[in-house]
Amino acid sequence: MSAHQEKGTVDREEGGEVFVVDNRNRDEIIKTILLVLLIIVFPPAAIAIQANECNIHVCVSLGLMLFFVFPAYIHAIWYCFFKKTPENVIA
């Protein structure tokens, strides 16, 4: 495999044809389906998976699940699908 080829490409020596497999669209669909299933079963888990950490939103969602179940679903849907990630984080 030559240095200029990307991951997922196959180069055939006889014809010089390149076959590219792009799985990004399929992976996004699978991730969305899994997030929806997690939101239905346990919204704080979906938020934790989306955030890749246990942040304040997971704690808020746990509190909402203990006292008000329906707002926990709304919060999880908002966090997983509508919340915009900050472009510039000053640390």
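Predicted model: local features only at pLDDT ≥ 70, side-chain atom pairs only at ≥ 80, totals over all residues.
A residue counts as exposed when its relative accessible area is over 50%, and as buried when that area is under 20%.

Helix 3 comprises 12 residues, 56–67. From first C-alpha to last, the helix reaches 17 Å. This is close to the 16 Å expected at 1.5 Å a residue. Its buried residues are Val58, Ser61, Leu64 and Met65. Viewed down the helix axis, these buried residues fall within an arc of 125 degrees, so they line one face of helix 3. They pack against two other elements, helix 2 (43–51) and helix 4 (69–82). The face turned away from the buried side carries the exposed residues Ile56, Leu66 and Phe67.

Cysteine pairing was examined next. A disulfide is a covalent bond between the sulfur atoms of two cysteines. The criterion applied was a pair of cysteine sulfur atoms within 2.5 Å. By this rule the model has zero disulfides. For Cys54, the closest cysteine sulfur belongs to Cys59. The two sulfurs are 4.9 Å apart, which is too far for a bond. Cys54 counts as exposed because its relative accessibility is 63%. Cys80, in contrast, is buried, with a relative accessible area of 8%.

How values were computed: Residues numbered from 1 in each chain as written. Heavy atoms only, no water. Helix = DSSP H or I, 4+ residues; strand = E, 2+ residues; numbered from the N terminus. Expected span 1.5 Å × (residues − 1). Buried < 20%, exposed > 50% of the residue type's maximum accessible area, 1.4 Å probe, protein only. Arc of directions from axis to C-beta. Contact = heavy atoms within 4.5 Å.
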